[in-house]
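Visitor: I would like to learn how to read the features of a model like this one. Please show it, and then we can go through it by topic.

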Amino acid sequence: MKYAYYPGCSLSSTGIEYDLSTRAVAKALGIDLWEIPEWNCCGSSSAHLTDHLLALALPARNMAIAEAEGLDVVIPCAACYVRSKAVEVEVKESPEMQKTISEVIEREYTGKAKARALLDVFANDLDLNNVSALVNKPLQDLKVACYYGCLLVRPTKLGFDDAEDPQSMDKLMQALGGTPVQWSFKTECCGASRSLDKTQVGLTMIERILSAAKEAGADCIATACPLCMSNLDMRQGQAGAKSGQTYNLPVFYFTELMGLALGLNPQELGVNKHFVDTSAVVKKVVEGKGRRETA
Amino acid sequence: MKRVGVFVCHCGTNIAASVDCAQVAQNAQNFPGVAYATDYKYMCSEPGQELIKKAIKEHKLDRIVVASCSPRMHEPTFRRCIEGAGLNGYMLEMANIREHCSWVHPDDKERATQKSTELARMAVAKVLNNTPLEKSQIPVTKRALVIGGGIAGIQAAIDIANAGHKVDIVEKEPSIGGKMAQIDKTFPTLDCSACILTPKMVEAANHPNITLITYSEVEKVEGYVGNFDVTIRKKARSVDMNKCTGCGLCSEKCPSRVPSEFEMGMTTRKSIYTPFPQAIPNKPVIDRENCRYFKLGKCKVCERVCPAGAIDYTQEDELVTERYGAIVVATGFDLFDYSVYGEYGYGKYPDVITGLHFERLINASGPTMGKIKRPSDGKEPKNVVFIKCVGSRDEAKGKAYCSKTCCMYTAKHATLVREKIKDSNVYVFYMDVRTPGKGYEEFYTRTTDQYGAIYIRGRVSKIYQKGEKLIVKGADTLLGKQVEVEADMVVLATAMVAQPDAAKLAQMIGISYDQDNFYTEAHPKLAPVETHTAGVYLAGACQGPKDIPESVAQASGAAAKVCALLSKDEMATEPIISQVNEAICAGCGMCIPICPYKALELKTIQERVQGKTIERKVASVNSGLCQGCGACTVACRSSALNLKHFTNEQILAEVDALCL
């Protein structure tokens, strides 16, 4: 299985552990990731607030490189994924826009290379029974609140999962031996950049998610988005301070939990790079009973 | 010498605003065969028709062209008009210069006038080829069929029966009564639904002119107005209706329980059952899918306990074919499946229910004996949230239309909660409150002012379970704030939608339906109970969302139409049907499978060729069945089939007039 890999800017900065764990897990699962050479920023919200064509052309360039290579593009970051998906859909729907974009980026992009979310690939392209078979440190007794964020599975008609109650990460965690908790905040907004410009609003939104996860009995939260991670992890202390709560809820990229379950070295997955201490959960998994002998 | 009169109508300003009608009339004077042409403001009015009649006499006109609107509405008007002046009604042509011209390009008068002239030119060319046609008479079967035994069907049947005609009601459930039987109270008077419905059910059952055919479905409809041949499948009840006394012992002793459809799954019924205690007929059926005997081959408890020996496991579905003069379709509605709403929990939260569930919860004969108890734990809810427009006015997940009844029944529900649970809080999330109807607005005002229901203008974005409570998050768009309500129970006003098999039935009967599978009336204003198929009428919510008063009114309207049809012994048939030129028919039979009305068949004729008598097959049209659609004339390879009034010669004359 070979895909073009688009890490995006966050994964080389705040979300570096997402990149580390993605590459490590892909390798362990036998997935060949071909990093797009000289990839550029997807434009994120800034481009798409500035100019429609710019917002399409930026991700189109990355997609075009992958298309020339004949590969679909796997994208870990939710925002990069949505922007890349947007250009894929637009060039398929509008031949004029396809022409304009190709002119602007001086490459041909026809939408043949598809933008795929990393979660979609891991949860749906692999047979989860095979993933289970590779687990040697099951996430036993680990209650995981799977948090997809508001962007990853929307808009509804483009999503790879249900927009209100997505299941792919839950199924993946189950395949790893973990216990996904039932909760209603899977796609609630984390406030995104509100934590920068209107911090109080952002913190309220963050706390709502944290308290819901806690109430559902989660030991940790799993996410698939670097911005959600920043908010839930880095801002966790601030968010709790308002109401005098200490949540102490470790937040993981779902790929980190996959790596732990597959028995990879925790340091190489980057689990020590979080604000909220992850060591208790990591220890629980690493020192767990190990692979159950299945009958 | 043929003498054509052309009459150009202004239709007020509908046509005249974008077409120079006087100019069209003047142009028409030069068409071949035209002896007289004029224009007038309203040709369909009394003076307009007089104008035509007078011109026929004065100018010795023998055929007429009216350039006005679509023939759908006024072709019969003008046919009657020229018949009044002594012409055959089929010596008329209409040029549609309104729908086909003035309405579609209102901004270019010069070219619209030119186009109207051309349309009139074609009509003149055709009318020159018209021949007088005569209607024939067919007998009318004086018996009506009502499909659906809800309040609309019952009302229509009673009205027809009271006029002295025989009526059969076919109902697919074991009892008549429909959705109204499930409802507790009716707005805006709050009188008990059962108290006003059950007497009508009894009246229908006891009426000498009404036959109830319950637990049965229509399987095939053939024939035409005045003489429909309808095949009805009488499903095996497994109970002999003649022997059964309706004592109920069998249901009491039956060991197998299944969720009750009538109680919306909130309690159980037996496998041998009547849907509800006041059912009519009050004789049970065996639900074979769930019956132990039919599933496992063992049990027969009902047979053992039945004192009348009425249980008959060997019964089979019975197909009967009956002839009817008219059909009333009153098949009602279904409720929108709200499980597409993820934000409301995809139907996973037991205390998020629909309005119809709620009707059963407040009904004295319902699963809780009329005490409002929430389904999950049977506790009395204190905070009840109502959400309107669930599936209605929501193109993304539901239907574009307004379901019309929900504002009123939600107000009723809110009132009833406040009345029954004194310390309750009722919150109603709404988009608009729509209360057009006599006494409706007053009822709504009472709900808020007297009963203290709290109306919040805004949509609910999410419902989630938090312990025993349901947290309802939404927007109050009047306050401009987000609101959160801790609810014990949430009631959704789910949209009224067409029955799941509505399209199938429509195709079977041959009536049209809209994009939402509601049946289409012949005219939204002036023919609201008729369909485009003669002899088939509509009543109730199968035509679109309706409340009880409206359904009953429409049912009586449909009944009046049926009575008018059945009051005659014979009726005239449309002479616009296909005819076969046997001399050139090759007998290939290509036309037979094309005909949607099964009006064509092959017959054997004898003819003398070169002194010898030979036999050969030719197509033959059943004039009773042919609806004049013309499909066969297109399929016929030797042009032996020709549709009267739309003959090949007439159509070609129009084409020539336009193109040559």
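Visitor: Which residue of β7(B) does I147(B) stand opposite?

Guide: I147(B) stands opposite V170(B) in β7(B). Before going on, note that this is a predicted model, in which local features need pLDDT of at least 70, side-chain atom pairs count only at pLDDT 80 or more, and totals for chains, interfaces and linings use all residues. Residues are numbered from 1 along each chain as its sequence is written, while chains are lettered from A and ligands numbered from 1 in the order in which they are written.

Visitor: How many bridges join β6(B) to β7(B)?

Guide: Helices (H or I, at least four residues) and strands (E, at least two) are DSSP runs, numbered from the N terminus. Two strands pair if DSSP finds at least two bridges between them. Here five bridges join β6 (residues 143-147) to β7(B), and the two strands of chain B run parallel. β7(B) also pairs with β10 (residues 210-213) of chain B, over four bridges and again in the parallel sense. In that pairing, V170(B) has I213(B) of β10(B) as its bridge partner.

Visitor: What unit do β6(B), helix α6 and β7(B) make?

Guide: A crossover is right-handed if, with the strands pointing away from the viewer, the path from the first strand over the helix to the second runs clockwise. β6(B), α6 (residues 151-162) of chain B and β7(B) make a β-α-β unit of the right-handed kind.

Visitor: Is β7 of chain B mostly covered or mostly uncovered?

Guide: A residue is buried if 20 or more other C-beta atoms lie within 10 Å of its own, exposed if 12 or fewer, and partly exposed in between, with C-beta atoms placed from the backbone. β7 (residues 166-170) of chain B is mostly covered, with four of its five residues buried.

Visitor: In what order do the strands β11, β12 and β17 of chain B form their sheet?

Guide: In a regular strand the side chains alternate between the two faces of the sheet. In chain B, three strands form an open antiparallel sheet in the order β11-β12-β17. β11 (216-224) and β17 (318-324) of chain B are its edge strands, each pairing on one side only. Axes are lines fitted to C-alpha atoms, for helices over the stretch in contact, and angles run from 0 to 180 degrees between N-to-C directions. Eight bridges join β11(B) to β12 (residues 227-234) of chain B, and F228(B) in β12(B) is the bridge partner of G223(B).

Visitor: At what angle do α10 and α12 of chain A pack?

Guide: Two packed helices are described by the angle between their axes and the distance between the axes. α10 (residues 199-215) and α12 (residues 236-243) of chain A pack at about 90 degrees, with their axes 9 Å apart. Angles under 35 degrees count as roughly parallel, over 145 as roughly antiparallel, 65 to 115 as roughly perpendicular and the rest as oblique. α10(A) and α12(A) are therefore roughly perpendicular. Two residues are in contact if their C-beta atoms, placed from the backbone, lie within 7 Å. Among the residues that meet are L203(A) and L210(A) in α10(A), and A239(A) and G240(A) in α12(A).

Visitor: Which domains does the assignment give for chain A?

Guide: Domain bounds come from an automatic or database domain assignment. For chain A the assignment gives domain 1 (2-118) and domain 2 (136-286). Their centres, taken over C-alpha atoms, are separated by 24 Å. In contact are 22 residues of domain 1 and 23 residues of domain 2 of chain A. On the side of domain 1 of chain A that touches domain 2, α1 (16-28) and α4 (78-93) each supply at least two residues. α1(A) gives the most to that side, with nine residues.
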